[in-house]
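Me: I'd like to learn how to read a fold from its coordinates. Can you walk me through one?

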Amino acid sequence: MIAALLLLLPLPLLLYVAAPKIREMLSNGVCSSPVQLPGKVAVVTGANTGIGKETAKELAKRGARVYLACRDVQKGALVAEEIQTKTGNQQVLVRKLDLADTRSIRAFAQGFLAEEKQLHILVNNAGVMMCPYSKTADGFEMHMGVNHLGHFLLTHLLLEKLKESAPARVVNVSSLAHFLGRLNFHNLQGEKFYNAGLAYCQSKLANVLFTQELARRLKGSGVTTYAVHPGSVNSELTRYSTFMTWMWWLFSSFLKTPEQGAQTSLHCALTEGLERLSGEYFSDCRVAWVSAQARNETIARRLWDVSCDLLGLPLD
């Protein structure tokens with residue numbers, strides 16, 4: 001009877017009524033780890049909004065000393081104050097990090113290494129999506145420069161500290177969009193052909209490949225790494241695309257909240273016993289399938305070498 005009545009409802013009203021249940025279905029994964037983090041140190045990039053903010057808040061709630069690595073320091077300071085108030089943890093710090101500028105990345109790493117003796121959790125969360133064609137301060141296409149190369153450099157600069165602090169973890173926020181990505185090594189910077197959507201997908205594929213190659217190189221070090229798909233989240237990530245912003249608004253009732261979107265990052269950062277799954281890709285707090293290209297070890301190693309070459313890092 002109820003089902004029959006629902007069929008009589010106009011579609012918009014039907015969607016409105018069904019939205020809570022649909023959102024629940026799309027938000028299955030919840031981090032259930034009871035792990036507490038007193039004495040632990042964490043860095044979360046892009047922590048002044050969205051998933052990054054919620055990730056940082058939960059880490060702080062569990063007692064970690066948390067660095068909010070943000071491009072907008074003023075906004076970051078307001079978020080840090082909010083997290084301190086809500087969690088009672090005063091060890092929430094803001095530091096400048098612009099992933100579109102390698103000088104800023106190096107300055108952040110230099111300052112952090114001078115300030116801290118340990119690093120247990122690095123969450124490479126920040127990102128851009130659907131940008132009009134533009135370049136970083138170093139001449140990299142914006143998606144590839146921020147989403148991949150910026151975090152590649154940051155991780156490289158902090159890697160010895162992570163090893164010294166082992167067990168430690170690196171979490172790279174990727175996306176289901178990596179399935180549509182194809183690495184074109186002859187056009188990584190989008191100078192021959194550019195499509196904002198494809199550029200984003202390519203950068204998210206790079207995140208998965210970076211995670212796999214990093215895991216291979218870190219075997220036996222006590223540092224493990226994971227790529228995550230947070231789900232479709234109602235956040236500021238779509239701010240560069242009017243179309244995507246409109247679509248996100250239209251379907252906002254079905255999107256995850258930032259808190260829900262942070263669950264898989266938290267699962268990979270906190271859950272005990274994940275060490276054997278280093279290099280894997282997670283969605284809804286479970287290991288998930290990746291695209292064929294994302295499983296290609298040859299491409300992963302080539303991307304590593306090309307990334308080192310672009311950033312002026314030594315090949316090893």
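Reply: Below we go through the sheet, the helices on it, and a couple of residues. Keep in mind that this is a predicted model.

Me: Fine. How many helices and strands does the chain have?
Reply: There are 11 helices and eight strands. Of the 316 residues, 53% are buried. The chain exposes about 15,000 Å², and carbon and sulfur atoms supply 57% of that area.

Me: What share of the contacts with a separation of 6 or more comes from residues 24 or more positions apart?
Reply: Such pairs account for 77% of those contacts.

Me: Now the sheet. In what order do the strands sit?
Reply: The general idea first: strands of a sheet pair through backbone hydrogen bonds, either parallel or antiparallel. Here the eight strands form an open sheet, ordered β3-β2-β1-β4-β5-β6-β7-β8, with mixed pairing. Its edge strands are β3 (92-96) and β8 (286-287), each of which pairs on one side only.

Me: Can you zoom in on one pair? How many bridges join β1 to β4?
Reply: Three bridges do that, between β1 (residues 41-45) and β4 (residues 121-124), and the two strands run parallel. To find a spot in the viewer, pick V44: its bridge partner in β4 is V123.

Me: Which strands does helix α5 lie across?
Reply: Helix α5 (residues 102-115) lies across β1, β2 (65-70) and β3, and runs at about 145° to β3. Helix α10 (residues 263-270) packs on the sheet too, touching β4, β5 (168-173), β6 (223-229) and β7 (281-283). The direction of α10 makes about 160° with that of β5.

Me: Is α10 enclosed or open to the outside?
Reply: Eight of the eight residues of α10 are buried, so the helix is largely enclosed by the rest of the structure. Those residues are Q263, T264, S265, L266, H267, C268, A269 and L270. Their cover includes α3, α9 (258-261) and β7, along with β4, β5 and β6.

Me: What about two helices against each other? At what angle do α3 and α4 pack?
Reply: Helix α3 (residues 50-61) and helix α4 (residues 73-87) pack at about 40°, and their axes are 10 Å apart. That angle makes α3 oblique to α4. The crossing is right-handed.

Me: How far apart are N125 and N172 in sequence and in space?
Reply: They are 47 residues apart in sequence and 6.4 Å apart in space, taken C-alpha to C-alpha.

Note on methods: Residues numbered from 1 in each chain as written. Predicted model: local features only at pLDDT ≥ 70, side-chain atom pairs only at ≥ 80, totals over all residues. Heavy atoms only, no water. Pairing = 2+ DSSP bridges. Helix = DSSP H or I, 4+ residues; strand = E, 2+ residues; numbered from the N terminus. Contact = heavy atoms within 4.5 Å. Axes fitted to C-alpha atoms, helices over the stretch in contact; angles between N-to-C directions. Buried < 20%, exposed > 50% of the residue type's maximum accessible area, 1.4 Å probe, protein only. Areas by Shrake-Rupley, 256 points an atom, 1.4 Å probe, with all protein chains shown as cover. Parallel < 35°, antiparallel > 145°, perpendicular 65-115°, else oblique. Left-handed = near helix turned anticlockwise from the far one by under 90°.
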